[in-house]
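Please open the structure in a viewer and keep the selection panel at hand.

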Amino acid sequence: MENANLNFNNDELNFFVNGYLNKVTQMDVTLAKKELASEMGRSVGSMTYHQKHVLHILTKGEQGKPNYHSELPSVVNQIRLERNLSIAKMTYFFE
């Protein structure tokens, strides 16, 4: 497994955000992160780390962790718009 602190590439960013949203709407967050980690060949800690990055973006720095991949904000916004999710709804999923 790779270190949780390693950045995802653009494909992994898209896979993570879409996969997380797909899974968390169907199952418990802990299970969703375990399944997604297995699919991505990463650790559950990495899933949590990147979950907190998305939360930081959605809350304009009020929650979560900074220092994420420079493309993550545009990926989050693009997926949010494609799925027609409000910022509040998407924040709920990533909390």
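In which helix is the place of Val-17? Val-17 has its place in helix H1; helices (H or I, at least four residues) and strands (E, at least two) are DSSP runs, numbered from the N terminus.

Before going further, please note that this is a predicted model, in which local features need pLDDT of at least 70, side-chain atom pairs count only at pLDDT 80 or more, and totals for chains, interfaces and linings use all residues. Residues are numbered from 1 along each chain as its sequence is written, and side-chain values use heavy atoms, with hydrogens and water left out.

**Stop 1: the whole chain**

The secondary structure comes to five helices and zero strands, and the pattern read along the sequence is α-α-α-α-α. The radius of gyration of the protein is 12 Å, close to the 12 Å that the globule rule gives for 95 residues, so the protein is as compact as a globular protein of that length. Here the radius of gyration is taken over C-alpha atoms, and the globule rule is 2.2 Å times the number of residues to the power 0.38. Along its principal axes, the C-alpha trace spans about 35 × 30 × 25 Å.

Now switch to a surface display. The accessible surface of the protein comes to about 5300 Å², and 47% of it belongs to carbon and sulfur atoms; such areas come from the Shrake-Rupley method with a 1.4 Å probe, and for residues only the protein chains shown count as cover. Of the 95 residues, 43% count as buried, where buried means under 20% relative accessible area, exposed over 50%, and partly exposed in between (1.4 Å probe, protein chains only). Among contacts (heavy atoms within 4.5 Å) between residues at least 6 apart in sequence, 60% join residues at least 24 apart.

**Stop 2: Val-17 and its contacts**

Return to Val-17 and show its side chain. At 0% relative accessibility, Val-17 counts as buried. Next, select the residues in contact with Val-17, leaving aside neighbours within four places in sequence: Val-54, Leu-72, Val-75, Val-76, Ile-79, Met-90 and Phe-94. For a distance check, select the C-alpha atoms of Val-17 and Leu-58, which are separated by 12 Å and belong to residues 41 apart along the chain.

**Stop 3: Phe-93**

Which helix holds Phe-93? Phe-93 lies in helix H5, residues 87–94. With a relative accessible area of 14%, Phe-93 is buried. Not counting residues up to four places away in sequence, Phe-93 touches Tyr-20, Leu-21, Val-24, Thr-25 and Leu-85.

**Stop 4: the charged side chains**

Colour the charged side chains next. The protein has 10 positive and 10 negative side chains, and the centres of the two sets lie 6 Å apart. In this count Lys and Arg are positive and Asp and Glu negative, while His and the chain ends are not counted; the place of a charge is taken as NZ of Lys, CZ of Arg, CG of Asp or CD of Glu.

How many salt bridges does a search of the whole structure find? The search finds three, a salt bridge being a side-chain nitrogen of Lys or Arg within 4 Å of a carboxyl oxygen of Asp or Glu.

Select Arg-42 and Glu-12, whose side chains meet in a salt bridge at 3.0 Å, N to O. This pair links distant parts of the chain, 30 residues apart: Arg-42 is in the loop between helix H2 (29–40) and helix H3 (44–58), and Glu-12 is in helix H1 (residues 10–24). Arg-42 is buried, at 3% relative accessible area, and Glu-12 also counts as buried, at 19%.

**Stop 5: the network around Lys-23**

Finally, select Lys-23, Glu-35 and Glu-39, which are linked in a network of salt bridges. Lys-23 forms a salt bridge with Glu-39, the closest N and O atoms being 2.8 Å apart. Lys-23 lies in helix H1 and Glu-39 in helix H2, so this pair ties together parts that are 16 residues apart in sequence. In the salt bridge of Lys-23 with Glu-35, the closest N and O atoms are 3.4 Å apart. Since Glu-35 is in helix H2 and Lys-23 in helix H1, that pair ties together parts 12 residues apart in sequence.

Lys-23 counts as buried at 13% relative accessibility, whereas Glu-35 is partly exposed at 31% and Glu-39 partly exposed at 45%. Leaving aside neighbours within four places in sequence, the contacts of Lys-23 are Ala-32, Glu-35, Leu-36 and Glu-39.
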